[in-house]
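Here's a quick look at the salt bridges in this model, and at the sheet that goes with them. Have the structure open while you read.

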Amino acid sequence: MDAATSTRVDAWVWAVRMAKTRSAATTACKAGHVQVNGERAKPAQPVHVGDEVRVRGPESERTVRVARILSKRVGAVVAAECFVDLTPPAPPREEVAAAVQRERGAGRPTKRERRELERLRGR
């Protein structure tokens, strides 16, 4: 592996598979979606072992601590060993009531049935 003491933050984010492509990692840095130790990171900012990297993605935000420096993309198993995930667990999903299904061919609901459906849905 690479014995360097630091590497570019965009290359590291890409190497540990937090971004699909190197250009996506660079774009995320330029857009301010990547922070190193609480500060916005430019793509060429060096990242060292022990730094805290926060990456905001499309669905969620991940916070990790750098455990090993990588500059080349590696397999998922090796990449998982290169950081310590500090992201808090996602809150549990709320139970959603099952949608009421009408029989096929039953036609349009009557006003009474529609009001019952709205009451069930909490509207």
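This is a predicted model: local features need pLDDT of at least 70, side-chain atom pairs count only at pLDDT 80 or more; totals for chains, interfaces and linings use all residues.

## Salt bridges and a sheet

E116 and R112 form a salt bridge, with their closest N and O atoms 3.9 Å apart; the term means a side-chain nitrogen of Lys or Arg within 4 Å of a carboxyl oxygen of Asp or Glu. Both residues sit in helix α4 (residues 111-121), four residues apart, about one turn of the helix. Helices (H or I, at least four residues) and strands (E, at least two) are DSSP runs, numbered from the N terminus.

Residues are numbered from 1 along each chain as its sequence is written, and side-chain values use heavy atoms, leaving out hydrogens and water.

The whole structure has seven salt bridges, including these:

| Pair | Closest N to O |
|---|---|
| R22 and D10 | 3.6 Å |

R22 lies in helix α2 (residues 22-30) and D10 in helix α1 (residues 9-15), so the pair ties together parts 12 residues apart in sequence. R8 joins D10 and R22 in a salt-bridge network. D10 is buried at 1% relative accessible area, whereas R22 is partly exposed at 33% (buried is under 20%, exposed over 50%, partly exposed in between; 1.4 Å probe, protein chains only).

Now the sheet: it's open, with five strands in the order β3-β2-β5-β6-β7 and antiparallel pairing (two strands pair if DSSP finds at least two bridges between them). E52 stands opposite R65 in β6.
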